[in-house]
Amino acid sequence: MKIDTRHSGGVTILEPKGKITIGVGDVALRDAVGEALEAGSRNILVNLGGVTTIDSSGIGELVSAYTTVSNRGGKLKLYNLPDKVTDILQITQLISVFEVFEVEDEAVASFSA
Amino acid sequence: MPVQSSQVRISIGSRFEHIDLIQIVVDDALARLGLDEDSRHWVGIAVREGVANAIKHGNRQDPDKEVEVELAIEDDHAVIRIEDSGEGFDPSQVEDPLAPENLLKPNGRGIFYMKSFMDDIQYSQRPGGGTVVTLRKRIGDKGSGRGPAPRRNQET
């Protein structure tokens with residue numbers, strides 16, 4: 001699992017690729033969100049388009065990231081979800097927790113709204 | 001236990017990095033049985049959860065303790081048994097991850113995943129100590145390509 005980080009319009013965009021699963025991807029996501037917060041970012045957007053598998057630990061890490069960023073006064077949002085990730089968010093009912101967007105421009109603009 | 005020709009049996013040390021190996025073997029076996037890619041994805045996720053639980057909660061990540069995974073064909077079902085050497089647990093005590101007070105908890109969704117993606121899940125005690133989780137998935141229709149069960153329920 002690999003996570004690229006870039007910036008657009010005052011938003012930190014994290015792009016995980018591969019599996020967000022126990023023992024590997026979940027830790028990488030936690031570290032990437034932690035580094036973004038340490039760097040002062042409070043607007044964090046996660047592009048899930050490159051994620052092939054997300055297990056319950058991966059979902060747990062997304063939830064942790066969401067609450068950690070919220071507790072720091074920031075926002076964490078998701079975009080570009082593969083169908084299987086959407087399925088997971090629906091069955092876990094977390095689709096109602098996260099703000100989810102289809103495309104990056106719309107997602108980035110939402111932080112300024 | 002002797003391995004019959006219709007069975008695959010794998011033992012791994014209790015390390016999370018071994019989960020990929022189990023998923024690859026199970027996926028290959030189910031592909032040979034004709035299960036479609038979508039169905040194999042969800043079965044693979046359920047198997048990952050079962051093995052992760054066996055490693056984490058059963059064997060407490062002791063690399064010297066093994067997790068045994070057996071894939072067998074019984075009637076028109078793929079049956080996957082995952083065994084650990086832990087102290088066992090009562091699945092009825094696991095909290096509902098969909099309850100509002102649990103929704104934002106980072107843990108506690110593993111069994112829910114397995115129930116969602118498989119046709120049946122049963123827990124039993126291993127004779128020498130430990131837990132056996134048995135996952136069943138119908139393969140008689142060669143897979144329907146359908147999504148997870150709860151999503152189907154939402155649509156009805």
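A crossing of two helices is called left-handed if the near helix is turned anticlockwise from the far one by less than a right angle, and right-handed if clockwise. In this predicted model, local features need pLDDT of at least 70 and side-chain atom pairs count only at pLDDT 80 or more, while totals for chains, interfaces and linings use all residues. Residues are numbered from 1 along each chain as its sequence is written, and chains are lettered from A and ligands numbered from 1 in the order in which they are written.

In chain A, H1(A) passes H2(A) in a right-handed crossing, where helices are DSSP runs of H or I with at least four residues, and strands are runs of E with at least two, numbered from the N terminus. The axes of H1 (residues 25-38) and H2 (residues 56-71) come within 9 Å and cross at roughly 15°, an axis being a line fitted to C-alpha atoms, for helices over the stretch in contact, with angles from 0 to 180 degrees between N-to-C directions. The two helices are therefore roughly parallel to each other, a term for angles under 35 degrees.

In chain B, five strands form an open antiparallel sheet in the order E1-E2-E3-E5-E4, where strands pair if DSSP finds at least two bridges between them. Strands E1 (7-13) and E4 (120-125) stand at the edges with a single partner strand each, so one side of each is left without a neighbour in the sheet. Further in, seven bridges join E2 (residues 66-74) of chain B to E3 (residues 77-83) of chain B, and Leu71(B) stands opposite Ile80(B) in E3(B).

Conventions:
Parallel < 35°, antiparallel > 145°, perpendicular 65-115°, else oblique.
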